[in-house]
Structure formats: C-alpha cells, structure tokens
Amino acid sequence: VFLDRPNWGLTGGVAVRVHSIDRRKLAGDPLPFPTGEFHDPAETVAVFDRLGLPDGFPFVLDDDGRADGCHFLNQYLLDAWDQRAFALDSVRRFHIYNLARFLRSLRAARADAHAANARVSTEQWLAENGEPKVDLTDATRYDLVAYRDARALLLEPSSLRTEMGCISAFYRYAHQRGWIATDPVPRWGEANRNTLLPRTRRARV
C-alpha cells in the first residue's frame, strides 16, 4: 500500500521510512513500482476510505517503497485505529515514532552482524545485499534489552519509559494475536513486572 510518492532511488543503508496518508498526493498519475509496473492511486484511496483512515495516519515503508518487511508494525497500528485504542495524535507522535526507531535499530544490528560474519564492512554488505527485511516480530529479548540500555544513555527516565512502554505494548498485542510464540519483553516476579521500563523512584518520607 502506498501512502505518498516515495523515493524509488534508495539503495543500501538502513532506510525504514515513515509516511503519512495524503490523498492530495494520490490524485495524480499512476505510481510506478520498482518492477516497472504501475499502480492506480484511486485503488489505494478506496482502501483508505474503506478502513476509515484519515489523512495524516502514518505507515512505515521499506527502502524499496513496499511494506512487506514491516507488515506487523503497520497491522498493529491499523488494529489499534480500528479499535480506537489510540488517538491520531498519539499514533503519530509516540507509537509510530518509537516503533519505527526500534525497527531501524533492529535492522542496523542485523546488518552489522551479517557483515561481521562475512568479514566485510557494513556498508559493503548493505551495498551487496540491501537492508535486512526483518520486522519487529523478529526481535529477541537481547535486542530489546540492548536497545533499552543504549537509549537510556540519551533519554531522561520519563522519556525512556514512554518509549519502552510503546514497544512493550506492541509485543503484548503481538503475543495475544499469535504473531509471536513468546513475548520477548523481560518480566519478573509474581506481578510479572516489565523490567524493560525504568523504575520510578519514590520520594522518601
């Protein structure tokens, strides 16, 4: 599904991109696929209308302009919108932003690992193979903890808690839907406390 006119010239790199629905940009000529085929944008607008998706609703596309490698991220947002779980502003400002950031990091880590195994630079591996098309459902607990620790060096605890909360909510839903066999979010104790979230300090009295 195409949301606006992407840059078909992207090559290499970790280039997961966020796009927003804009019906005005789909009112022109047919959109070209990288394969040389064309897509009638009126068909896409009809899908948006049928799903009740407003202009401004965000989606993620792979670097080749398709959504095959980020299906579950997009489906999560579609399901949330269908159930009115989040307001549009929340989807745009928090959920898509934080989930797409983690997906970029996940793909970058996979590219680095493949390059190390091949004993070449990451740039060379990407130029020869393209971006790894892993989705959020391919993440492991190690990936989540490593990402949390890296982000903790950059964010205030409250911002980190918001970001990790968005990511944890995705995996809870993905497990409920059967997209993944096991929730990779680390949890602890009888209360099943989410240890991906930074603990808040209570003031001493």
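Is Phe-72 buried, exposed or partly exposed? Phe-72 is partly exposed because its relative accessibility is 23%, where buried means under 20% relative accessible area, exposed over 50% and partly exposed in between (1.4 Å probe, protein chains only).

This is a predicted model, in which local features need pLDDT of at least 70 and side-chain atom pairs count only at pLDDT 80 or more, while totals for chains, interfaces and linings use all residues. Residues are numbered from 1 along each chain as its sequence is written, and side-chain values use heavy atoms, leaving out hydrogens and water.

**Aromatic residues**

Rings of Phe, Tyr and Trp (its six-membered ring) pair if their centres lie within 6.5 Å; planes under 30 degrees apart count as stacked, over 60 as edge-to-face and the rest as tilted. By this rule there are 10 aromatic pairs. In one of them, the ring centres of Phe-72 and Trp-179 lie 5.0 Å apart with planes at 45°, so the pair is tilted. Phe-72 belongs to helix α2 and Trp-179 to the loop between α6 and β5, 107 residues apart. Helices (H or I, at least four residues) and strands (E, at least two) are DSSP runs, numbered from the N terminus.

| Residue | Relative accessibility | Class |
|---|---|---|
| Phe-72 | 23% | partly exposed |
| Trp-179 | 17% | buried |

Both residues belong to one aromatic cluster, together with Tyr-76, Phe-86, Phe-170, Tyr-171 and Tyr-173.

**Helix packing**

Helices α3 (residues 88-118) and α5 (residues 141-152) pack at about 110°, with axes 11 Å apart. Axes are lines fitted to C-alpha atoms, for helices over the stretch in contact, and angles run from 0 to 180 degrees between N-to-C directions.
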